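Have a look at the picture first, and then we will begin with a single residue before stepping back to the whole.

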Amino acid sequence: TPQQTALATAAFPDPVALIAQDAARAADLFNATGRRRGSLADCLIAATCLRLGASIATNNSQDFQRFAPMGLHVIM
């Protein structure tokens with residue numbers, strides 16, 4: 001909805017694009033973490049966070065904890 005778009009824009013005024021480097025790292029993460037069905041999106045998010053040196057704040061910390069050994073800081 002327009003209201004949701006406005007809220008998302010206010011919360012994230014300058015979103016970061018996924019780049020080829022992220023896709024390649026996501027593939028490595030996918031392979032390193034067991035090639036779990038349905039986990040590719042998590043790998044893409046984790047790869048982008050790792051490139052930016054960013055932490056991830058999520059209610060779904062269980063899915064992202066597997067990336068902690070690769071340097072991802074997960075905030076629960």
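This is a predicted model: local features need pLDDT of at least 70, side-chain atom pairs count only at pLDDT 80 or more; totals for chains, interfaces and linings use all residues.

Is leucine 7 buried or exposed? Leucine 7 counts as exposed because its relative accessibility is 61%, and the cut-off for exposed is over 50%. You can find leucine 7 in helix H1, which covers residues 2-11. Now look for glutamine 65: it comes 58 residues away from leucine 7 along the chain, and the C-alpha atoms of the two are separated by 28 Å.

Next, let's step back to the whole chain. How many helices and strands does the chain have? There are 4 helices and 2 strands. If you trace the chain from the N terminus, its elements follow the order α-α-α-β-α-β.

Here are some values for the chain, side by side.

| Property of the chain | Value |
|---|---|
| Box filled by the C-alpha atoms, along the principal axes | roughly 40 × 30 × 25 Å |
| Accessible surface | about 5,200 Å² |
| Distance between the mean positions of the positive and negative charges | 8 Å |

A few details go with the table. Carbon and sulfur atoms account for 59% of the accessible surface. The charges of the chain are 6 positive and 5 negative.

What about burial and contacts? Of the chain's 76 residues, 28% count as buried. Among contacts between residues at least 6 apart in sequence, 38% join residues that are at least 24 apart.

Terms used. Residues are numbered from 1 along each chain as its sequence is written. Side-chain values use heavy atoms; hydrogens and water are left out. Buried means under 20% relative accessible area, exposed over 50%, partly exposed in between (1.4 Å probe, protein chains only). Contact means heavy atoms within 4.5 Å. Accessible areas come from the Shrake-Rupley method with a 1.4 Å probe; for residues, only the protein chains shown count as cover. Lys and Arg count as positive and Asp and Glu as negative; His and the chain ends are not counted. The place of a charge is taken as NZ of Lys, CZ of Arg, CG of Asp or CD of Glu.
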